[in-house]
Amino acid sequence: MSNFQPISVTPAPLLAGKAAYSVPKTGHVIDLHLDANEGLVPPPELAGFLRDAMPDAVRRYPNAAPLQEALAARFGVEASRVLVTAGADDAIDRACRAVLAPGRELVLPLPTFEMIPKYAALVGATVRPIAWMRGTFPREAVLASITPATAMVAIVTPNNPTGVPATLDEVLGVARAARHALVLVDMAYCEFADGEVANDSFARRILEEPNVLMTRTFSKAWGLRVGYAVGHAEAIQWLRAAAGPYTCASSSLAIATRWFAEGRTVVDAFVERVKHERGALGALLARAAGVEVWPSQGNFVFAQFPDARRVQDELARRGIAVRGYPTPPGRVLMDGVSLDPC
């Protein structure tokens with residue numbers, strides 16, 4: 001039993017009433033975790049490499065420069081335009097703190113990666129939601145929502161949780177129409193896309209726009225909890241200033257640098273297998289009565305069921321965890337924002 005008295009300290013006003021992110025617990029023993037869209041397990045050889053690097057990886061402060069230089073070479077930019085982070089969500093959090101504030105606005109197609117509106121709320125920004133349930137990216141609605149107060153437009157492609165992509169022309173159109181705003185392009189699932197989003201030429205092209213910040217991660221296709229941001233060198237400096245200098249562990253950096261240099265063939269084979277299984281699972285679900293399967297370009301399948309909660313619970317009873325969105329039909333709910341879908 002604790003003898004502490006109730007706390008009399010109050011949180012900062014912008015934090016009051018905010019809950020920590022958590023994944024709902026199923027109450028069952030889970031053997032197969034599909035609810036986080038995690039990537040493959042790196043090969044055993046990397047464990048040996050980490051063992052050799054362990055003394056310095058444990059003792060020394062992290063040095064992300066080698067990985068940043070390798071990423072810069074991949075995308076044809078200067079290393080000053082790359083920042084390695086503790087997952088892509090760390091980069092997104094930094095971006096929100098760098099450009100959003102009370103009186104500034106974020107234009108955000110929904111549903112999307114749920115941490116984006118949370119990070120915006122924590123810095124007091126206003127979210128201007130745009131419905132993007134299915135079909136093409138709602139470019140015209142996004143453009144119509146841009147105002148002088150717009151400080152950021154966020155585009156997740158392929159989108160999470162629907163798997164729908166935004167095209168190169170759509171991203172460029174937004175970037176050019178909102179030169180006064182940072183256009184955050186989160187491409188966490190791009191390796192699994194079927195079209196242009198998966199190609200490095202897509203990334204290289206959007207990075208020619210001075211107000212585009214691309215965020216990506218190794219966690220989905222490469223199986224490592226390391227992310228990064230690429231953008232204008234000045235914007236990257238803002239992100240550096242928005243958080244501490246050593247957020248990514250030395251051990252993670254050591255493995256990521258080695259795996260990025262040597263693992264492309266293994267990762268490409270894994271991606272192709274996931275895309276094949278994604279199609280097979282989608283076709284199987286589509287044959288079930290009342291189930292609508294959306295064409296996904298992520299490493300997941302997004303499907304609507306007559307009773308999604310029951311399906312999720314039944315799978316959990318069998319040891320399989322999937323992500324559920326038990327919002328009433330025809331509605332989208334994200335961090336207090338409710339929309340009628342297009």
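A residue counts as buried under 20% relative accessible area, as exposed over 50%, and as partly exposed in between, with a 1.4 Å probe and protein chains only. The model is a predicted one, in which local features need pLDDT of at least 70 and side-chain atom pairs count only at pLDDT 80 or more, while totals for chains, interfaces and linings use all residues. Residues are numbered from 1 along each chain as its sequence is written, and side-chain values use heavy atoms, leaving out hydrogens and water.

Charged side chains come next. Side chains of opposite charge can pair when their charged atoms come close. A salt bridge here is a side-chain nitrogen of Lys or Arg within 4 Å of a carboxyl oxygen of Asp or Glu. By this rule the structure has 19 salt bridges.

One of them joins Lys-275 to Glu-272, with the closest N and O atoms 3.7 Å apart. Helices (H or I, at least four residues) and strands (E, at least two) are DSSP runs, numbered from the N terminus. Lys-275 and Glu-272 lie about one helical turn from each other because they are three residues apart in helix α10 (residues 264-286). Glu-272 is partly exposed at 47%, whereas Lys-275 is buried at 19%.

Another pair, Arg-97 and Asp-93, meets at 2.9 Å, N to O. These two are four residues apart in helix α3 (residues 88-99), so about one helical turn separates them. Arg-97 is partly exposed, at 38% relative accessible area, and Asp-93 is buried, at 18%.

Which residue pairs with Glu-114 in a salt bridge? The partner is Arg-323, and their closest N and O atoms are 2.5 Å apart. This pair links distant parts of the chain, 209 residues apart: Glu-114 sits in the loop between β3 (105-110) and α4 (115-122), Arg-323 in the loop between β11 (320-321) and β12 (332-334). Arg-323 is partly exposed, with a relative accessible area of 28%.

Now the cysteines. A disulfide is a covalent bond between the sulfur atoms of two cysteines. With the criterion of a pair of cysteine sulfur atoms within 2.5 Å, a search of the whole structure finds zero disulfides. For Cys-96, the nearest cysteine sulfur belongs to Cys-248 and is 19 Å away. For Cys-190, the nearest is also that of Cys-248, at 18 Å. Cys-96 is buried, with a relative accessible area of 0%, and Cys-190 is buried at 0%.
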